Amino acid sequence: MGDFTVALNPPKTFGAEILPPVNRTSAAARGPVTKVAFKPLGFRAIRASVMPREGQQQPSLGDSLVNSPRRNDVVDVIRRSALSNCLSETNLHNTVPGLVSKTRGKVRDIYDAGDYLVLVTTDRQSAFDRILASIPFKGQVLNETSLWWFERTKQIVSNAVVSAPDKNVTIAKKCSVFPVEFVARGFVTGSTDTSLWTVYNKGARNYCGNVLPDGMVKNQKLSENILTPTTKAADHDVPVTPDEIIERGLMTRADYEEVSEKALSLFEYGQQVASEHGLILVDTKYEFGKANDGSIMLIDEVHTPDSSRYWIANSYLERFQNGLEPENIDKEFLRLWFKSHCNPYEDEVLPDAPEDLVCELSWRYIFLYETITKSKFEVPSTEEPIHDRISRNVASALSSLK
């Protein structure tokens with residue numbers, strides 16, 4: 001594809017915007033503020049989400065996040081029994097017949113089961129391309145959150161889920177995985193080397209084919225959602241433009257176009273659902289594969305607190321205008337703690353994450369799950385060791401698939 005000369009995705013220019021605009025017509029006179037999502041290559045228009053506006057009544061989540069009976073109950077359980085009972089490693093290939101190999105990812109342990117893959121979501125916490133800590137209940141939250149979203153996004157794109165035999169496990173169809181992660185963004189924010197705010201603050205104005213204006217500030221909303229794809233290079237993610245994806249043979253043009261449209265549609269839908277629950281889905285990443293029949297499938301995870309950034313909607317505007325960080329329900333505060341106490345990219349040994357932060361992150365993951373799904377998180381029994389429980393459930397599920 002090196003002779004590909006027509007630009008796959010000509011640079012798009014995105015304006016800076018603060019919602020709602022200040023010193024303009026009143027909110028009541030303007031009516032709902034609707035934003036049109038980024039639409040590459042003449043794709044169909046994607047219905048835009050309605051952002052929170054000044055004076056709009058939203059559920060007050062901030063108080064529930066930091067001070068509520070439910071928080072106290074969950075944190076008490078975490079401290080009493082869960083801190084020492086995290087699922088940091090699995091070895092199902094030694095305990096479950098039929099599993100022929102294990103691949104250890106940052107968070108998931110993936111086992112080859114012949115026609116299927118067994119994905120075990122552990123409690124490992126990753127950031128900066130390395131493991132920072134183990135967070136109680138994290139694996140269960142991620143697995144169950146993804147399953148909730150997978151079920152509700154099937155009308156946008158099919159997925160690889162076959163069954164979920166355990167709180168931490170998904171059995172999935174095999175597919176050919178595209179070596180590109182599709183990062184969808186609605187705001188200029190972040191603290192990692194590939195985050196939009198980091199590269200923008202260093203002077204970049206063209207990022208992954210998206211042209212950005214001067215004068216933007218951290219946590220500001222983009223005028224349109226954008227994609228900033230990445231691919232793997234050694235042990236870290238590298239941003240790539242759409243043209244580079246094609247020229248390097250990472251994807252065909254047709255596949256890139258289809259996946260881009262689906263990624264933006266998923267993000268649009270996720271923003272809509274988040275808004276209905278008093279949240280802002282700020283950014284997220286998606287991974288896709290191609291099935292044997294050539295169809296595109298969503299894989300890995302979707303809209304979890306690990307792959308996504310969520311802010312509380314009704315406090316965003318005031319905090320932004322006052323130069324304060326948004327109230328977040330994700331792992332950003334843990335990232336910031338490590339950045340302020342070490343060099344997480346270069347230091348060979350990292351400090352241990354403080355217990356209070358570990359408990360807080362566990363609670364925030366559970367809080368997000370309960371807020372989005374409107375269901376109570378079920379704390380698993382500790383009577384049976386986690387690894388034994390998973391082994392038993394996976395063995396039974398694989399036997400039924402034969």
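Leaving aside its neighbours within four places in sequence, which residues is Ser191 in contact with? They are Thr198, Glu332, Arg335, Leu336 and Lys339, where contact means heavy atoms within 4.5 Å. Before going on, a word about what you're looking at. This is a predicted model, in which local features need pLDDT of at least 70 and side-chain atom pairs count only at pLDDT 80 or more, while totals for chains, interfaces and linings use all residues. Residues are numbered from 1 along each chain as its sequence is written, and side-chain values use heavy atoms, with hydrogens and water left out.

Back to Ser191. You'll find Ser191 in the loop between β12 (182–188) and α5 (196–201). Its relative accessible area is 5%, so Ser191 is buried (buried means under 20%, exposed over 50% and partly exposed in between, with a 1.4 Å probe and protein chains only). The side chains of Ser191 and Glu332 are joined by a polar contact of 2.9 Å; that term means a pair of N or O atoms within 3.5 Å, and within protein one must be able to donate a hydrogen and the other to accept it, with residues adjacent in sequence counting only if both atoms are side-chain atoms.

Now try Asp115, in the loop between β4 (108–113) and β5 (116–121). Asp115 has a relative accessible area of 64%, so this residue is exposed.

Let's zoom out. The chain has 11 helices and 20 strands, which are DSSP runs numbered from the N terminus (H or I, at least four residues, for helices; E, at least two, for strands). Of the 402 residues in the chain, 53% are buried.

Next, look at how helices pack. Two packed helices are described by the angle between their axes and the distance between the axes. Axes are lines fitted to C-alpha atoms, for helices over the stretch in contact, and angles run from 0 to 180 degrees between N-to-C directions. The axes of α4 (residues 138–152) and α10 (residues 355–373) come within 10 Å and cross at roughly 20°. The two are therefore roughly parallel (angles under 35 degrees count as roughly parallel, over 145 as roughly antiparallel, 65 to 115 as roughly perpendicular and the rest as oblique). Among the residues making this contact are Trp148 and Trp149 of α4 and Tyr365 and Tyr369 of α10.

Helix α3 (residues 69–82) also packs with α10, at an angle of about 130° and with the axes 10 Å apart. That makes α3 oblique to α10. Here the contact includes Arg70 and Arg71 of α3 and Glu355 and Asp356 of α10.
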